[in-house]
Amino acid sequence: MKPVKPWIAVDAMGGDSGPEVVIPGSMEAARQDNLGLVLVGDQEKIEQVLAKEKTGGIQMEVLHAPEVVAMNDKPSEALRRKKNSSIQAAFKAVREKTAQGVVSAGNSGATLACGMFTLGRIKGIERPALASILPTEKKDPLVLVDVGANVECKPYHLIQFGLMADVFARDVLHIKNPRIGVLTIGEEEGKGNKLVLETIKLFKMSSMNYVGNIEGRDFFTGKADVVVCDGFVGNVSLKLMEGLAMSLSRILKAEVKKSLLARLGFLLGIQALKRFGRHIDYAEYGGAPLLGLKGIGIVCHGSSNSKAITNAVLMAGEFVRNRANEHLIEGLGENQEIGMFGRRPLEKNRSA
């Protein structure tokens with residue numbers, strides 16, 4: 001049977017640069033992977049950008065949505081008062097089966113809220129989670145989940161986050177048998193607060209490839225493929241890494257300017273520095289997937305460039321083509337015995 005072409009609804013008005021960056025980036029993804037595009041936003045502005053682009057061979061539609069959610073709008077206000085916003089219209093396109101996924105570089109809180117209330121959750125998923133993809137010293141990246149969607153969590157939430165990230169790592173990042181760890185304050189057994197310790201018990205009973213405790217210093221070593229934590233800890237960790245990367249870049253630039261020898265050393269090593277820059281570039285992965293919805297949602301950074309948008313749309317296409325959500329439902333069934341649909345974990349019968 002011929003595979004169905006994925007159609008991705010793109011919030012053309014999202015991000016700091018809007019249609020001028022979002023549309024070319026989306027079109028490049030469509031060319032690379034034979035994707036269909038639903039460009040959502042102000043039709044006049046979208047068509048002005050399209051008039052400057054080579055659109056031959058790309059299947060696309062324009063969905064008019066006159067309202068834009070500003071970066072400082074509260075998610076609840078965006079839901080109630082901007083029902084014709086590009087973010088809401090994009091998720092409605094998925095609900096109405098005219099697209100299978102959404103990509104937005106707009107207000108991340110509003111994107112989360114619209115995804116939740118417009119599409120709803122996969123049956124059995126208590127809370128959707130936001131995952132971030134981080135580079136490591138190894139070939140494969142790391143999936144950190146949750147990074148901000150849920151700041152108050154229970155153990156059964158965290159094991160669902162792990163299961164969702166496990167499916168994402170397999171089906172989208174193509175990591176075989178992902179190694180999963182729980183973020184805590186030490187490698188030794190018994191290290192962590194009540195939430196962490198109860199979560200570890202559940203992972204040990206699950207069918208996932210659980211490898212134990214993971215400390216913050218292990219993020220980039222390749223010790224695990226998926227690291228699970230609550231959204232408060234995950235968001236603090238992510239912002240710390242972003243801030244450190246920006247500060248190190250500024251420090252390096254300042255040091256290079258201090259002497260002729262430093263500038264010469266920089267020029268000699270410029271190719272290696274460029275390769276390093278590509279390795280840690282957030283644009284290589286495009287965006288953060290919102291896992292657990294009845295559809296695909298990719299949340300991009302507000303300052304995303306065209307390359308980041310391209311990779312985010314490609315990621316959404318991978319979700320659809322590899323039936324990631326169907327595999328997640330299968331995984332929920334496999335782990336039902338540890339209480340993923342209830343509140344009391346049960347002992348796993350290893351001999352079954």
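In strand β4 (residues 101-104), V102 is the bridge partner of A9. Helices and strands are taken here as DSSP runs (H or I over at least four residues for helices, E over at least two for strands), numbered from the N terminus. The model is a predicted one, in which local features need pLDDT of at least 70 and side-chain atom pairs count only at pLDDT 80 or more, while totals for chains, interfaces and linings use all residues. Residues are numbered from 1 along each chain as its sequence is written, and side-chain values use heavy atoms, with hydrogens and water left out.

Strand β1 (residues 7-11) runs parallel to β4, and 3 bridges join the two; two strands pair if DSSP finds at least two bridges between them. β4 also pairs with strand β11 (residues 296-299), in the parallel sense and over 4 bridges. There, V102 stands opposite G297. Both faces of β4 are covered: G101 and V103 on one side, and V102 and S104 on the other, are all buried. Buried denotes a relative accessible area under 20%, exposed one over 50%, and partly exposed the range in between (1.4 Å probe, protein chains only).

β1, β4 and β11 belong to an open sheet of 11 strands with mixed pairing, in the order β3-β2-β1-β4-β11-β10-β5-β6-β9-β7-β8. Its edge strands, each pairing on one side only, are β3 (60-64) and β8 (209-214). Neighbouring strands of the sheet are turned against each other by 25° on average, direction ignored. Antiparallel pairing is found between strand β5 (residues 129-134) and strand β6 (residues 142-145), which are joined by 4 bridges. In this pair, A131 stands opposite V145 of β6. Helix α1 (residues 19-33) packs on the sheet, where it touches β1, β2 (36-41) and β3, and the direction of α1 makes about 165° with that of β2. Axes are lines fitted to C-alpha atoms, for helices over the stretch in contact, and angles between N-to-C directions run from 0 to 180 degrees.

α1 also packs against helix α11 (residues 306-321), at an angle of about 45° and with the axes 7 Å apart. The two helices are therefore oblique to each other; angles under 35 degrees count as roughly parallel, over 145 as roughly antiparallel, 65 to 115 as roughly perpendicular and the rest as oblique. The crossing of α1 and α11 is right-handed, a term for the near helix being turned clockwise from the far one by less than a right angle, with anticlockwise giving left-handed. Contact means heavy atoms within 4.5 Å. On the α1 side the contact involves V21, V22, P24, G25, S26, E28, A29, Q32 and D33, which meet S306, I309, T310, V313, L314 and R321 in α11. By class, this contact has 7 nonpolar, 5 polar and 3 charged residues. Nonpolar covers Ala, Val, Leu, Ile, Met, Phe, Trp, Tyr, Cys and Pro, charged covers Asp, Glu, Lys and Arg, and the others, Gly among them, are polar.

A further helix pair is formed by α4 (residues 86-95) and α5 (residues 108-119), whose axes come within 9 Å and cross at roughly 30°. This angle makes α4 roughly parallel to α5. The crossing of α4 and α5 is right-handed. I87, Q88, F91, K92, V94 and R95 in α4 meet A110, T111, C114, G115, T118 and L119 in α5. The residues of this contact divide into 6 nonpolar, 4 polar and 2 charged.

D166 is buried, with a relative accessible area of 6%. Apart from its neighbours within four places in sequence, D166 is in contact with P178, I180, M208 and V226.

Most residues other than glycine have a negative phi, and most peptide bonds are trans. V145 and D146 are joined by a cis peptide bond, with omega about 5°. D146 is placed in the loop between β6 and α6. K97, in the loop between α4 and β4, has a positive phi of about 70° although it is not a glycine. K97 is exposed, at a relative accessible area of 70%. N177, another residue other than glycine with a positive phi, has a value near 50° and lies in the loop between α6 and β7 (179-183). At 44% relative accessibility, N177 is partly exposed.

Overall, the secondary structure of the protein comes to 12 helices and 11 strands. Of its 352 residues, 51% are buried.
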